[in-house]
Amino acid sequence: MKIKELKEMSTAELTVKLGDLKQELFNLRFNHTIGQLSNPMQINTCKKDIARIKTILRDRELKA
């Protein structure tokens with residue numbers, strides 16, 4: 001997900017998206033553990049998206 005797209009989202013939308021990504025990361029880790037994950041790089045992509053969202057939320061918190 002691009003950072004430009006994330007910055008256009010509202011804080012509430014970002015919070016919901018963060019929850020979804022955390023659940024997705026849990027599922028990816030679980031599937032990786034049991035050997036059903038076809039592309040392990042999905043875990044890294046998900047982690048980076050979570051970090052981007054947390055960075056934007058923290059930036060907005062500091063500006064407020």
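The side chains of Asp59 and Lys63 meet in a salt bridge at 3.5 Å, N to O; the term requires a side-chain nitrogen of Lys or Arg within 4 Å of a carboxyl oxygen of Asp or Glu. Both residues lie in helix α3, 4 residues apart, about one turn of the helix. Asp59 is partly exposed at 38% relative accessibility, while Lys63 is exposed at 67%. Here buried means under 20% relative accessible area, exposed over 50%, and partly exposed in between (1.4 Å probe, protein chains only).

This is a predicted model, in which local features need pLDDT of at least 70 and side-chain atom pairs count only at pLDDT 80 or more, whereas totals for chains, interfaces and linings use all residues. Residues are numbered from 1 along each chain as its sequence is written, and side-chain values use heavy atoms, leaving out hydrogens and water.

The structure holds 3 salt bridges.

| Pair | Closest N and O atoms |
|---|---|
| Asp49 and Arg52 | 2.9 Å |
| Arg58 and Glu61 | 2.7 Å |

Asp49 and Arg52 are 3 residues apart in α3. Asp49 is buried at 10% relative accessibility, and Arg52 is partly exposed at 29%. Arg58 and Glu61 are also 3 residues apart in α3; Arg58 is partly exposed at 45%, and Glu61 is exposed at 51%. An α-helix has 3.6 residues a turn, so residues three or four places apart point the same way.

Helices are DSSP runs (H or I, at least four residues), numbered from the N terminus. Among the buried residues of α3 are Ile43, Cys46 and Asp49. Their cover includes α1 (3-8) and α2 (11-33), where contact means heavy atoms within 4.5 Å.

Key: Helices (H or I, at least four residues) and strands (E, at least two) are DSSP runs, numbered from the N terminus.
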